[in-house]
2 protein chains.
Amino acid sequence: MRATVMYGAGDVRVEEVADPVIREPADAVVRVLRSCICGSDLWPYRSMPASEHGRRMGHEFLGIIEDTGGDVTGLRRGDLVLAPFVWSDGSCDFCREGLQTSCRHGGLWGGDLDGGQGEAVRVPQAPGTLVRLPAGVDEALLPSLLTLSDVMCTGHHAAVSARVSSRTSVTVVGDGAVGLCAVLAAQRLGAEQIILMGRHKDRTDLGREFGATDVVAERGEDGIARVRELTGGDGTHAVLECVGTQDAIDTSISVVRDGGVVGRVGAAQYDEVPLGFGTIMRNIGVAGGVAPARAYIEVLLPGVLDGSLQPGKVFDAAIGLEQIPDGYRAMAGRQALKVLIRP
Amino acid sequence: MRATVMYGAGDVRVEEVADPVIREPADAVVRVLRSCICGSDLWPYRSMPASEHGRRMGHEFLGIIEDTGGDVTGLRRGDLVLAPFVWSDGSCDFCREGLQTSCRHGGLWGGDLDGGQGEAVRVPQAPGTLVRLPAGVDEALLPSLLTLSDVMCTGHHAAVSARVSSRTSVTVVGDGAVGLCAVLAAQRLGAEQIILMGRHKDRTDLGREFGATDVVAERGEDGIARVRELTGGDGTHAVLECVGTQDAIDTSISVVRDGGVVGRVGAAQYDEVPLGFGTIMRNIGVAGGVAPARAYIEVLLPGVLDGSLQPGKVFDAAIGLEQIPDGYRAMAGRQALKVLIRP
């Protein structure tokens with residue numbers, strides 16, 4: 001089959017790889033219907049050292065089950081299924097607690113396993129990992145359903161981690177696809193003031209459509225001052241850090257109200273968070289991390305199916321498999337916000 | 001009256017100062033019955049630059065109301081009252097949310113105001129700040145009641161911030177008075193496994209009496225390995241950081257289970273917390289800060305009054321006003337865990 005392999009920074013190729021087959025009794029093989037490129041795929045795209053062997057790419061996909069191993073119950077050939085970006089057994093203590101990202105027998109797609117950016121994927125721990133979608137679902141819903149693999153659940157995780165509710169004001173740091181989904185999640189949870197920090201007008205316009213009440217285009221000290229100005233000097237109860245840079249986490253700590261929480265979901269490019277004596281006096285919390293999408297899919301799916309939640313709007317380009325290298329270039333160059341793949 | 005003034009590192013004096021009088025309509029003057037020395041008083045005792053003017057000391061006290069301003073209702077001369085370590089108006093949004101440490105019209109004792117380590121204190125915002133205790137309370141309860149000014153509420157705040165419950169395992173980092181109160185708080189909240197990290201046997205023995213199930217005397221990597229060994233490799237759901245040094249917060253992050261929370265209450269001597277990519281993958285949270293004792297007094301008071309909660313056991317020495325310099329020396333030299341003052 002055809003699949004995406006990254007060989008180093010800027011070097012993404014679509015090439016022939018071995019067809020996936022059942023190897024373990026809990027495996028399934030899924031033919032990919034929709035996939036996409038993640039903002040986190042851009043980190044290796046910018047920095048990966050050259051590799052002879054290469055690394056399979058993609059961790060967001062939905063598709064049709066083609067084959068199942070002997071231990072797979074509840075799923076069968078022909079089912080439409082959605083895969084969260086971490087696979088998990090569904091039965092260990094972490095999975096039962098809803099933290100499937102720490103599953104004792106789970107892992108990440110890609111690398112030496114199949115990724116989502118190809119024609120098909122061998123799915124380990126299929127009964128714990130895959131979520132069956134209703135048969136005959138409207139094809140127009142597929143992009144929004146696909147966001148439940150990662151980006152929408154990640155935005156939701158930022159909001160849940162920062163305890164967003166109808167009683168909290170919110171700042172979202174970052175106008176990438178995760179930041180915009182975090183706006184949507186905050187709006188869904190009832191927040192009335194949602195300040196979006198971002199400087200790309202086409203993106204912040206979508207943020208306003210998703211529920212942002214204010215947009216702050218300034219960065220650094222100016223941006224912090226502007227958020228404080230919009231909140232009577234206090235900052236917001238919740239801050240959703242959706243970038244992962246040192247600047248973004250520093251800004252987040254500076255705009256959170258006393259007693260508030262920074263929900264961070266950006267893949268941390270920093271090693272430390274400035275949480276010294278001043279933040280002790282202010283009772284600032286930091287929470288979040290990789291989103292347990294498997295737990296959130298069940299929470300967010302009804303809204304996507306009934307059309308009240310439309311995170312699929314973050315996709316502003318759609319390509320076939322062979323155009324994937326162009327898709328990476330477009331996202332890295334900010335010509336595209338998020339690229340949908342139809343293999 | 002006589003009161004304690006610190007003039008620099010190691011230079012604590014008890015001397016004559018002006019008697020407190022009502023200055024604002026919401027003031028009260030309280031004659032101090034019991035006070036104490038706090039672990040946090042030792043930070044300036046070790047590092048304060050020499051000062052001609054000096055700085056009044058003490059922030060934990062209970063006593064008898066001697067006088068009240070014209071706006072003070074609900075309190076009168078002769079009432080036995082307890083003061084939390086931050087004064088607050090009781091009516092602003094932060095106070096109503098239970099975060100009186102961020103009160104819009106509040107502040108800390110000492111400095112240029114009266115402190116608790118003296119014969120009497122002018123209490124600003126008296127109706128919001130002071131908690132009236134039952135008349136005729138047994139004198140034997142006064143030490144435990146006094147701990148509600150700060151140290152017991154601070155241990156409780158660590159536990160609440162780290163979401164301790166009957167379903168969580170707990171590590172307490174530090175065997176000072178706050179750490180021991182954190183053990184007691186975790187036990188009160190139902191935790192079944194409480195690992196106390198500390199290496200002073202007399203203190204960890206009291207920790208066992210307060211509910212610690214395991215004691216880890218090792219520090220650094222050895223201590224981390226020992227906690228992991230005691231928890232099947234996982235670390236604990238909750239970690240209560242009760243020291244405030246870089247080493248203590250680093251250890252805390254290393255012994256928390258995936259998805260867990262570090263509740264930190266140690267006065268941070270560090271500027272940054274190691275919360276890089278690895279902790280994102282593990283969904284580690286950090287919460288806490290200065291304890292809103294005013295909110296917690298109401299929660300913990302019934303247990304102290306009925307004798308089921310006895311945090312007063314942290315006092316292992318009692319002195320009069322004139323012995324306060326000796327009390328500082330004893331605590332700084334670790335001859336005493338926590339020193340009670342009877343002015």
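In which sense do strand β1 of chain B and β4(B) pair, and over how many bridges?

Mentor: Happy to. Keep in mind that this is a predicted model. Strand β1 (residues 2–8) of chain B and β4(B) pair in the antiparallel sense, and two bridges hold that pairing. To find the spot on your screen, go to B:Val5, which stands opposite B:Arg56 in β4(B).

A quick bit of background: strands of a sheet pair through backbone hydrogen bonds, and they can do it either parallel or antiparallel.

Next, hop over to chain A. You'll find an open sheet of three strands there too, in the order β2-β1-β4 and with antiparallel pairing. Its edge strands are β2 (11–16) and β4 (55–56) of chain A, and each of them pairs on one side only. Strand β1 (residues 2–8) of chain A is joined to β2(A) by six bridges, and the two run antiparallel. A handy landmark is A:Ala3, which stands opposite A:Glu15 in β2(A). Helix α12 (residues 324–332) of chain A lies across β1 and β2 of chain A, running at about 160 degrees to β2(A).

So how do the two chains relate? In general, two copies of a chain are related by a rotation about an axis and a shift along it. For this model, a rotation of 180 degrees with 0.0 Å of shift along its axis superposes chain B on chain A, with an RMSD of 0.0 Å. The two copies are therefore related as by a two-fold rotation axis. The same surface serves both copies, too: 100% of the contact residues of chain B recur in chain A.

Let's follow that surface for a moment. There, 29 residues of chain B are in contact with 29 residues of chain A. On the chain B side, the elements giving two or more residues are β15 (256–264), β16 (272–274), α10 (277–282) and β17 (285–288). The largest share of that side, five residues, comes from α10(B). Sort the chain B side by class and you get 15 nonpolar, nine polar and five charged residues.

There's strand pairing between the chains as well. Strand β16 (residues 272–274) of chain A and β16(B) pair in the antiparallel sense over three bridges. If you want to see one of the partners, pick A:Glu272, whose bridge partner in β16(B) is B:Pro274.

The axes of α6 (residues 177–188) and α7 (residues 201–210) of chain A come within 8 Å and cross at roughly 15 degrees. That is why α6(A) and α7(A) count as roughly parallel to each other. The residues making their contact include A:Leu180 and A:Val183 of α6(A), along with A:Leu206 and A:Phe210 of α7(A). By class, the residues of this contact divide into five nonpolar, two polar and one charged.

Terms used
Residues numbered from 1 in each chain as written. Chains lettered and ligands numbered in written order. Predicted model: local features only at pLDDT ≥ 70, side-chain atom pairs only at ≥ 80, totals over all residues. Axes fitted to C-alpha atoms, helices over the stretch in contact; angles between N-to-C directions. Helix = DSSP H or I, 4+ residues; strand = E, 2+ residues; numbered from the N terminus. Parallel < 35°, antiparallel > 145°, perpendicular 65-115°, else oblique. Contact = placed C-beta atoms within 7 Å. Nonpolar A, V, L, I, M, F, W, Y, C, P; charged D, E, K, R; others polar. Pairing = 2+ DSSP bridges. Least-squares fit on C-alpha atoms with pLDDT ≥ 70 in both.
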